[in-house]
Amino acid sequence: MSFLTAEWRKLIMANYEIDPAILKPYLPAFTELDYFEGKTYVSLVGFLFKNVKLLGLSIPFHRNFEEVNLRFYVRYKEQGEWKRGTVFISEIVPKAAISFVANSLYKEHYSTMPMRHNWSQRNDQLVIGYDWKL
């Protein structure tokens, strides 16, 4: 049984080119930056976690919630083959219990902030937004 299962819905992603020197302090051991066409990127990603279950159980008031994260991409060599991964610099959720578990048990970088999302259909466009308040 999986520890965590969930659906990701209404995902939005904005990619920004960044100076690689800014990311070097965040690099995990034995990894290197994963360049795309010679450039380094960070991504700001927003989505709605839906139908979240821990060890197959639904936790009241924690089944559906927003998340926004800031991430960048790495690679490492394992047995002569390149593997790719993601490093999360910051993750924002609206539920303190989620931040507590992720930070305590998994050494993540979660913050708890009031959040909301909005989705609207305009003609043939889907408009998606995620907001948080610091």
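Does F100 count as buried or exposed, and at what relative accessibility? In this predicted model, F100 has a relative accessibility of 58% and therefore counts as exposed, the cut-off being over 50%. The residue lies in helix α2.

F100 is part of a nonpolar surface patch of about 950 Å².

The setting of E66 was examined next. E66 belongs to strand β4, which covers residues 65-78. The residue is buried, yet has no salt bridge. K95 is the nearest side chain of opposite charge, and it is 7.4 Å away. A polar contact does form between the side chains of E66 and H117, at 2.6 Å. Leaving aside residues up to four places away in sequence, E66 touches F47, L48, I92, V93, P94, M115, R116, H117 and Y130.

The protein chain contains 2 helices and 8 strands. From the N terminus, the order of elements is β-α-β-β-β-β-α-β-β-β. The C-alpha trace spans about 45 × 40 × 30 Å along its principal axes. Of the 134 residues in the protein chain, 26% are buried. Among contacts between residues at least 6 apart in sequence, 52% join residues at least 24 apart. The accessible surface of the protein chain is about 9,200 Å². Carbon and sulfur atoms account for 56% of that surface.

How values were computed. Residues are numbered from 1 along each chain as its sequence is written. This is a predicted model: local features need pLDDT of at least 70, side-chain atom pairs count only at pLDDT 80 or more; totals for chains, interfaces and linings use all residues. Side-chain values use heavy atoms; hydrogens and water are left out. Helices (H or I, at least four residues) and strands (E, at least two) are DSSP runs, numbered from the N terminus. Buried means under 20% relative accessible area, exposed over 50%, partly exposed in between (1.4 Å probe, protein chains only). Lys and Arg count as positive and Asp and Glu as negative; His and the chain ends are not counted. A salt bridge is a side-chain nitrogen of Lys or Arg within 4 Å of a carboxyl oxygen of Asp or Glu. A polar contact is a pair of N or O atoms within 3.5 Å; within protein, one must be able to donate a hydrogen and the other to accept it, and residues adjacent in sequence count only if both atoms are side-chain atoms. Contact means heavy atoms within 4.5 Å. Patches are made of residues with over 30% relative accessible area and no salt bridge: like charges are joined within 9 Å, nonpolar side chains (Val, Leu, Ile, Met, Phe, Trp, Tyr) within 5 Å. Accessible areas come from the Shrake-Rupley method with a 1.4 Å probe; for residues, only the protein chains shown count as cover.
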